[in-house]
Each structure stands twice: as structure tokens, then as C-alpha cells.
Amino acid sequence: AMVRSLVEHCNQVWSNLSKGSLRSLELLQKRVVKWIRNELCASYSNDNYVTHLLSLNLLPFKYLFQFNDLRLFYKIVYGLVDIPIPSNIFPVDPKSLRPTRQNIDIVEARDLTTLVMKAGARTHSVLSGGFFHRATVQWNKLPYQIRQIESFPAFARAVKKFVYESIDANELF
């Protein structure tokens, strides 16, 4: 619990870990899950591991970071924290779009929650792994119905359910 709370405290820093470091962190969590379940000598497949994690109400770190990024980004978008959205991130104007297969949902729903990042040096540099770039991409992958939720607790529940449903055990190791 203590290690996890430290990792969650600095989520926006930790979530940009290399795949190797993330794998090491996940292997540590896997050992902890075995310890909690008193199955130290057990061998877990990835699917088994995810099942046991979810039964403990835990997420794999990759998905935990995504969940926490989205929670903070929601607070920023809806003005619940005093962090401004950078000027190169702005909502798409659905009226300016021609309906295509890719954006028909935005046009029909008059979706003002889809955000775009203005192309430039910052989006293709070292900062592309930064919080705002990463969070904007994750935000736009959420269904419109989740992005438009106006209550933070309801949003957090919906995002957690969305993240749980998107877990791919084969991507963890």
C-alpha cells in the first residue's frame, strides 16, 4: 500500500516510464498480489494475474496511470483545478467539420469535448510523452458520453469501468 500510494502520488511523472521500467514495476506488483493471496509459489498467467488484481480492486500500472491522467485532465478541462489548458490544445468546432466516417460522431452529437493539439514542434518532440499530449490523446479515446459527464465522481466511475474493460493482459509483459 505504501509503495502504491507513492507511485500514485506522482502519477504524471511515473506514467512516462520506459516499457522496461514499467515491466519491472508490474512484476513487483505481481509478487505483491501473490503475497496478499498467500500464493507465493504459484505461477500466474497474464490473464490470471489481471483477474487477481481486479479482485483486489487494483489496476495494472499502465492502466492505473491512464486512469489517473484522465481524472486530472477532467479536472483541468472542467476548471476544477487551477491548471490552465495550454493554448495549443483547443476544442474541435463540430460546425467546421465535414461529416466523414472518422468524425461523424463529433458532427452529429455537436461534440465540444473533443480536443485537438495544434501541430508544431512541441507535438513531435520529446514533449510528446508529456502529460498534456498524452492526456489529450487518452481523452479523445473516451466515448463522448463519458467526456460530457458533468459530475467528477460519476466521471471517475465511468472512466474506471472503461479502463477495466480495456485491459489487455497480453500487453502487460
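**Entry 1: Lys62 and its partner**

I looked up Lys62 in this predicted model and found that Lys62 is partly exposed, with a relative accessible area of 32%. I then searched for its charged partner: the side chain of Lys62 meets that of Glu171 in a salt bridge, with N and O 2.3 Å apart. Lys62 belongs to helix H5 (residues 61-77), whereas Glu171 belongs to the segment after helix H9 (152-166), so this pair ties together parts that are 109 residues apart in sequence. Glu171 also counts as partly exposed, at 44% relative accessibility.

**Entry 2: other salt bridges**

I noted that the structure holds four salt bridges. One of them joins Asp69 and Arg134, at 2.6 Å from N to O. I placed Asp69 in helix H5 and Arg134 in helix H7 (residues 131-141), so the pair ties together parts that are 65 residues apart in sequence. Are Asp69 and Arg134 buried or exposed? I found that both residues are buried.

I also recorded the salt bridge between Glu39 and Arg37, in which the closest N and O atoms are 3.3 Å apart. Glu39 has a relative accessible area of 25% and is partly exposed. Arg37, at 31% relative accessibility, is partly exposed as well.

**Entry 3: aromatic pairs**

How are the rings of Tyr74 and Phe155 arranged? Their centres are 4.1 Å apart and their planes are at 20°, so I recorded the pair as stacked. This pair links distant parts of the chain, with Tyr74 in helix H5 and Phe155 in helix H9, 81 residues apart. Tyr74 counts as buried at 0% relative accessibility, and Phe155 is buried with a relative accessible area of 0%.

I then listed the members of one aromatic cluster: Phe73, Tyr74, Tyr78, Phe131, Phe132, Trp139, Phe152 and Phe155.

**Entry 4: charges over rings**

Finally, I looked up lysines placed over aromatic rings. The charged end of Lys30 sits over the ring of Tyr49, 5.8 Å from the centre of that ring. Lys34 lies over the face of Tyr44, and I noted a distance of 5.4 Å from the ring centre.

Note on methods. Residues numbered from 1 in each chain as written. Predicted model: local features only at pLDDT ≥ 70, side-chain atom pairs only at ≥ 80, totals over all residues. Heavy atoms only, no water. Buried < 20%, exposed > 50% of the residue type's maximum accessible area, 1.4 Å probe, protein only. Helix = DSSP H or I, 4+ residues; strand = E, 2+ residues; numbered from the N terminus. Phe/Tyr/Trp six-rings, centres within 6.5 Å; stacked < 30°, edge-to-face > 60°. Lys NZ or Arg CZ within 6 Å of the ring centre and 35° of its normal.
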